[in-house]
Amino acid sequence: MEDRSALADFLGRYPPFQGASPAVVADIAEAAVELDYAAGAWVVGPSQTSVPATADTVWMVRTGRVAIVHPEDAAQTDIPIDTISPGGVFGFSALLSGGTVEFRARAIEPSIVLQLPGELIRPLFTTPTGLAFLAEAVTSATTNRSGPGERSAGRTVGELLTAPAVFTSVGTTVRDAVRHMTEQGSSYVLIPLRGSRHGIFTDRDLRVRVVAAGIGVDTPVEKVMTSPAETVTADRLAGTVLMDMLELGLRHMPVLSDRGEVLGVVEDSDLHAASTRRSFVVRRAVTSAATSAELADAGRLVPRLVVDLFRGGTDAMAVSAILSVVVDSLVRRAVEIEWSARPEVPRDRFAWITLGSVARREAMPSSDVDSALTWSDTTADPGTRGKSSAVPRTRDEALMDLAARVHVSLDSAGLPSDTNGAVASSPRFARSAGQWERAAAHWLSNPFGERGNPAEDSGLIMSSLMIDGRVVWGPRELHTVPEAYRRLLVDHPDALRLQLRDALAGRARLRSLRDVLARRGGTFDLKAHALTPIVNLARWGGLSVGIASASTPARLAAASGNGMLSERDVATLTEVFALLQRLRLSHQIDQITAGHRPGDVLIMADLSPLERSLLTDGIREIAAVQRRVGYLAANVGVHR
């Protein structure tokens, strides 16, 4: 067991232990029993004979994640009632009521769980913090009465995983792979490949690629698997992943941690209830659009979708993620429509990269579309402009022309291009994979560009844009910039320091000097003065631990404890980020409803007293984290 004072610090950060006296928390830490569980092991269940029928125990997750399932559910594929993350407490209902333990609990991944004695925990629920904890738990339970499927609406796919992934090795025969699937009660098996990639073989592959095709069961499974398997990170929301799976025609998708480890596999049946009817209506309109005009009609459905989702009770972060997926579908369809009209434009080994908030899946109604192009260095020139023209065009000209037409189509659909010129029709944002790789190496060596050359790219600005980038069309491996930044701490510590200095340069503040000079004391720019500082800190934090492209909350979670950002800092920034996104979305929906163009500048007088208070406190919290990190960087050094 680790030092009890560290355990007491951990307990004190979470309800219902917050607000308890240090002596009480220390007593609980002293009495805690810490147990390790492998992925798939029962924490409370049929094999856990040490738990009495009437429990006087509360459990708390220290590390990992634990799924709570119905007492009659024993299969690892059963949908969980709830998923408990670090700091989460379960079992308190039986403790307070004196009843029996009416649930089972299984470790989703390797986990450390604390068993806490009921006699020490029970008094905590009479404190204000404990009562608030119970009130929130009751509200959550009431919301979740509609059944396991509907409860998945606001969850991430990582939270829906109930069992570790099922693997087999290259060279395994189809017969042995199917036998292994049967033994594990699984409808798929993963096959590890080189370069952290995986193949997947499913029950559908067995029917279509083996039985229907007359292939012998002694065939190696890699001959009939899908490779590489499409994957998703654990922080993605269930509803958005389902739409991706439906579009790609998939029923299984491996779920990865931020570091690329396979946590499990999510199936479409796990996600169906996370969908929203209107979001599918919009996606269907997008995918069926045959012309730019029809795509524009589909795009005009998007604002209403956002309004309905948010006012229907969907969390702001979930609305933002769903909006990002819908924007992705509009971009992909625009590319397809423009390509179909220009058959001479190269189609193979080409990728469209979305940048900015859409790439991080944090889009808002006000978000514009930042983009970049990349293509294989072996992509050939298209030849002439057409049958009646003898004027040759290079691949670069043809692809940038295509990008320009795509952005015209998107603009008609209500998705304007980036006003600062970060668009794929610009030579700065349209390069071959090799050119991007060389550019990244140059930015690392010349982060501010070359002096005396105004046309020189700023490495800090360009790298920040491209690190966020996400491929929405074409081979992902063509996006070569993020890989150059994954080993920043080891290979380029000075560049990492500059990333931090740049992240700290934009201070969170309620009033900027420009506001003071312009006498704009009654307004506040949510994006510039509050959200951007968090996004930049998260980007640096992710790079400090080898995470390049990811959402802001995922980057913050990965950076927790990196030597500069404490767990408390991460929790604070994540909470404030969610608050700001909620305020921002609410403000923009009010603007849409009033017939105005959505934006990020708030009029402080329009906020309720509670909103003003929360906003003010949030800005102070961001500024405090910036000061602490800046102090450590100046006095200790950037180690991570």
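A: Here is a walk through some of the salt bridges, one pair at a time. Please keep in mind that this is a predicted model. A search of the whole structure finds 24 salt bridges.

Let's start with R175 and D218, whose closest N and O atoms are 2.2 Å apart. R175 sits in helix α7 (residues 174-184), while D218 belongs to the loop between α8 (203-211) and β11 (232-233), so this pair ties together parts that are 43 residues apart in sequence. R175 is partly exposed, with a relative accessible area of 37%, whereas D218 counts as exposed at 52%.

Next come R349 and E477, whose side chains meet in a salt bridge at 3.4 Å, N to O. R349 lies in the loop between α14 (316-340) and β14, and E477 in the loop between β19 (470-473) and α19 (481-484), so the parts tied together here are 128 residues apart in sequence. R349 counts as partly exposed, with 37% relative accessibility, and E477 is exposed, with 55%.

Now turn to D468 and R539, where the closest N and O atoms are 2.8 Å apart. This pair links helix α18, which holds D468, to helix α23, which holds R539, and so ties together parts that are 71 residues apart in sequence. Both D468 and R539 are buried. They also belong to a network in which salt bridges with shared partners join R360, E362, D468, R539 and R555.

How values were computed: Residues are numbered from 1 along each chain as its sequence is written. This is a predicted model: local features need pLDDT of at least 70, side-chain atom pairs count only at pLDDT 80 or more; totals for chains, interfaces and linings use all residues. Side-chain values use heavy atoms; hydrogens and water are left out. A salt bridge is a side-chain nitrogen of Lys or Arg within 4 Å of a carboxyl oxygen of Asp or Glu. Helices (H or I, at least four residues) and strands (E, at least two) are DSSP runs, numbered from the N terminus. Buried means under 20% relative accessible area, exposed over 50%, partly exposed in between (1.4 Å probe, protein chains only).
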